[in-house]
Amino acid sequence: MSSIELLTFLAGASVALSVAVGVAMAVMPGVSRAVVAVGCLAVSGAAYSLLPLPAVVQSTEELRWALRAVACCGVPLLWLVLRFLFDGVSDARPALVGSAGVVLLVALASAWPGLRPLWLGALSVGLAGFVVHMLWHLAGRRRDDLDEFRRRMRTALALACVAYVALVLVVCAAGLRRLAPVDVAAASIGAQTLFKLFWLALAVGQPSPWRRVLDVARAPEPPVQQDLSTVGEHRSSVNQALAARQAEYVLDTVRREALYRRHGLGIGELATIVELPEHRLRSVINGHLGFKNFAAFLNHFRLREAAERLRDPAFAHLPVLTIAMDAGFASIGPFNRAFRDAFGATPTDYRRAAASPSDA
């Protein structure tokens with residue numbers, strides 16, 4: 001098989017896998033809110049696989065630039081799909097803005113060849129921003145994730161992304177695309193094919209690995225109003241009884257020493273304080289208490305303390321910012337969002353309602 005034949009075969013396989021992944025993800029229960037993004041991501045992946053084909057290279061310039069635009073849109077779309085799968089976030093505005101920027105910059109590069117390095121440089125910076133944030137979301141937030149299965153998924157995806165980015169950078173730095181364009185294109189599409197096979201394997205099964213990840217993301221955290229001491233008290237097995245005793249000790253330690261007020265407290269440090277192995281502490285907080293992320297566990301205590309102080313007339317003279325910082329929040333923005341999500345009102349409105357029960 002010649003290099004051209006191998007390239008054509010791999011491109012066809014990659015396009016077929018893009019379609020298969022799109023279908024498998026679209027029919028997965030719970031993906032209805034992101035089905036359009038999944039479909040567009042499949043189209044973008046197919047376009048990326050077609051770019052190196054000789055028929056495309058020798059086609060009109062308009063077609064080549066159109067395919068480049070569609071292919072580059074895959075980066076913000078992949079960012080959106082991963083945010084949806086791991087966090088249940090379906091806000092598509094950043095991805096839509098990113099995709100619109102991609103199309104605009106590609107159009108400018110096509111229309112003004114003299115300024116093409118400027119437009120393509122801006123495009124590279126924008127796409128790199130999505131890639132860096134995606135890797136941070138996968139690897140940087142891995143330690144905060146309390147679900148062991150999702151932690152393994154984050155690691156596998158981050159390694160796959162890093163390996164592909166490293167391959168692209170090596171090819172560009174060494175100038176291999178000019179020396180052996182067909183061989184480099186075949187290697188690139190081969191890497192894409194492997195990644196799509198990996199993704200397809202995660203999308204099939206009952207339940208599929210992606211379904212398990214999404215189910216965890218969509219499961220609600222214990223409400224702030226709930227006393228964590230009552231969580232799981234109906235369970236009576238030996239393991240659950242042990243988890244209940246360990247959870248009670250952890251909760252008592254966190255409350256008594258106000259550990260949630262410490263900025264930068266990590267789960268490893270808490271494990272040392274409560275004298276539990278880190279993996280066991282993760283299991284207690286996630287499996288018994290029901291928290292998906294360590295930050296959400298700490299925010300539970302922070303929000304309860306903040307709410308108590310906002311209701312207490314003795315703290316009426318303190319600004320909301322001071323109460324938020326004293327409770328352990330690093331800034332007012334995350335505090336306001338978390339408080340509104342937990343209590344359905346801004347901290348200021350909550351304080352005002354507590355001070356005027358008749359108005360509330």
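This is a predicted model: local features need pLDDT of at least 70, side-chain atom pairs count only at pLDDT 80 or more; totals for chains, interfaces and linings use all residues.
Helices (H or I, at least four residues) and strands (E, at least two) are taken here as DSSP runs, numbered from the N terminus.

Residues are numbered from 1 along each chain as its sequence is written, and side-chain values use heavy atoms, with hydrogens and water left out.

**Backbone details in the loops**

Let us stay with E275 for a moment. Its phi is near 60 degrees, a positive value in a residue other than glycine. E275 is also exposed, with a relative accessible area of 68%; buried stands for under 20% relative accessible area, exposed for over 50%, and partly exposed for what lies in between (1.4 Å probe, protein chains only).

A258 is another non-glycine residue with a positive phi, of about 50 degrees. It sits in the loop between α12 (238-256) and α13 (267-274). A258 counts as buried, at 14% relative accessibility.

A further loop, between α10 (181-203) and α11 (209-218), holds P207. Here the peptide bond joining Q206 and P207 is cis, with omega about -5 degrees.

**Salt bridges**

A salt bridge is a side-chain nitrogen of Lys or Arg within 4 Å of a carboxyl oxygen of Asp or Glu. The structure holds 18 of them. Here are some of these pairs, with their N to O distances.

| Pair | N to O distance |
|---|---|
| E61 and R116 | 3.5 Å |
| R93 and D91 | 2.8 Å |
| R143 and E278 | 3.1 Å |

E61 and R116 meet through their side chains. E61 lies in helix α4 (residues 61-72) and R116 in helix α7 (residues 116-140), so this pair ties together parts that are 55 residues apart in sequence. E61 counts as partly exposed, at 34% relative accessibility.

The side chains of R143 and E278 also meet in a salt bridge. That pair links distant parts of the chain, 135 residues apart: R143 is in the loop between α7 and α8 (148-174), and E278 is in helix α14. R143 is partly exposed, with a relative accessible area of 46%, and E278 is partly exposed at 23%.

Finally, a network of salt bridges links R261, E305, R309 and D326.

**Nonpolar cores**

A nonpolar core is a set of buried Ala, Val, Leu, Ile, Met, Phe, Trp, Tyr and Cys residues joined through side-chain atoms within 4.5 Å. The largest one has 47 residues, and those with the most contacts inside it are M25, L82, L85, F86, W199 and W210. Helix α5 (residues 74-87) gives the most to this core, with nine residues.

Leaving aside neighbours within four places in sequence, M25 is in contact (heavy atoms within 4.5 Å) with V31, V38, L85, W199, A203 and W210. Apart from this core lies another, of 24 residues, among them L265, I267, I285 and F301.
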